[in-house]
Structure formats: C-alpha cells, structure tokens
Amino acid sequence: MKIAKLLLRLLTALLALGVLCFGALEAVVLAGCWDETGRDAPVMIVLGAKLWQDGPSPVLELRLEKALEYWREHPETEVILSGGQGADEPESEAGAMAEWLEERGVPGGQLHLEERSTNTAENLRYSMQLMEQLGYDPESTPAVVVSSAFHLARVRLLCGRYGLEADTLGAPMPDGKSAVYSYTREAFALLKSFFFD
C-alpha cells in the first residue's frame with residue numbers, strides 16, 4: 001500500500017513537472033510572436049510550409065503575403081525561398097513560392113531557390129550558403145526571415161546559433177484550429193531544436 005502511494009505521488013510530481021515545462025516552453029513561443037524589423041535588409045529569406053496539389057497551403061500563402069508586403073516596401077531586396085519537396089508535394093516549396101511571387105510582380109531575377117531543406121534548421125543553414133553564393137556575408141549582412149508568427153522564437157534561436165544576422169517577420173495563422181495545433185506542436189519543436197539543431 002505504501003509503495004502504491006509513493007508511486008502515485010511520484011507520477012503526480014512527474015506530471016506536474018511536465019505541465020510546468022510545457023507551460024514554460026509555450027510561454028517562450030508566445031513571447032516570440034512579434035515582428036523584429038528596423039533595418040533595410042538586402043536579403044529576405046522566406047521559409048516554406050506545406051504545399052498542396054493545387055498550390056500553397058493557407059499557411060504558406062500567408063507567409064508569402066507577408067513577404068510580398070515587405071518586398072513592395074523594399075523592391076531592391078533579394079529574396080531567398082527556402083523549402084524542398086516533400087513526398088506528397090507536387091514540386092519543391094521554393095519553386096511554388098517563386099511562381100506565386102512572380103505572378104504578383106516580383107522579378108524572377110530577384111528570386112533565389114533553396115530546394116534541399118526539409119526542416120527549419122536546414123532552411124536557415126542552406127539559405128546562409130545561398131547568401132554567400134550571392135556575395136553576402138550572413139554574419140554581417142542584415143537579412144529578414146519570414147515565417148509564421150508561432151515559429152519566430154525558434155527562428156531567432158537558430159539564427160543566433162548559426163550566426164545569421166537577421167530580423168524576423170511573422171505571418172498569422174489562417175484559422176483557430178490550425179493555430180492551436182501549431183502553437184502546441186511548436187513548444188516541443190523548440191525543445192528539440194534547443195538540444196539537437
């Protein structure tokens with residue numbers, strides 16, 4: 001009987017600790033949902049998201065709208081589009097993003113495709129390599145990274161870790177259901193990136 005009570009108390013303590021840890025991570029995610037701009041960045045990096053058979057998903061389209069808004073205010077900015085092709089995607093996310101932006105007036109010569117990445121860490125690392133190929137030093141050239149708002153805390157963490165001098169712009173989520181899912185999932189993704197990316 002005493003062993004059973006001890007085990008129950010231990011499980012309760014572990015559960016409470018888990019809830020506290022999740023709450024702390026979620027607080028970091030929520031606290032990071034703010035735009036950080038103030039410099040005219042010569043390079044903008046747009047991070048990919050799910051691509052549907054008929055084009056960008058609503059999440060990706062909102063990121064592209066945010067990027068287009070920035071480009072229209074800074075039309076000299078070079079745009080790096082980062083995202084490979086998933087097993088269930090008809091083409092690379094970068095390719096689809098380029099098509100979407102070109103249709104809305106962004107010159108193709110300013111669009112640079114990074115089509116190898118499969119996650120956020122690769123998005124940033126491979127985009128930094130592409131910046132170097134374009135003649136920019138990622139550690140000293142201001143860039144602006146566009147993603148969804150829930151994603152920005154992790155983006156800033158990794159930019160700092162990799163030495164990418166970057167501001168951030170966050171797009172909203174298309175609906176409440178996807179927002180709840182994404183913000184919840186991001187807490188665990190942030191923990192994973194902190195230790196492994």
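Helices (H or I, at least four residues) and strands (E, at least two) are DSSP runs, numbered from the N terminus. The model is predicted: local features need pLDDT of at least 70, side-chain atom pairs count only at pLDDT 80 or more, and totals for chains, interfaces and linings use all residues. Residues are numbered from 1 along each chain as its sequence is written, and side-chain values use heavy atoms, with hydrogens and water left out.

H3 spans residues 93-103. Eight of its 11 residues are buried, so the helix is largely enclosed by the rest of the structure. Gly105 follows H3 and has a positive phi, near 105 degrees.

Strand S6 covers residues 143-148. Six of its six residues are buried, and the strand is mostly covered. S6 pairs with S1 in the parallel sense over four bridges; two strands pair if DSSP finds at least two bridges between them. Here Val43 has Ala143 of S6 as its bridge partner.

S6 also runs parallel to strand S7 (residues 166-171), joined by six bridges. Val145 stands opposite Thr168 in S7. Together, S6, helix H5 (residues 152-162) and S7 make a right-handed β-α-β unit. Right-handed means that, with the strands pointing away from the viewer, the path from the first strand over the helix to the second runs clockwise.

Terms used: Buried < 20%, exposed > 50% of the residue type's maximum accessible area, 1.4 Å probe, protein only.
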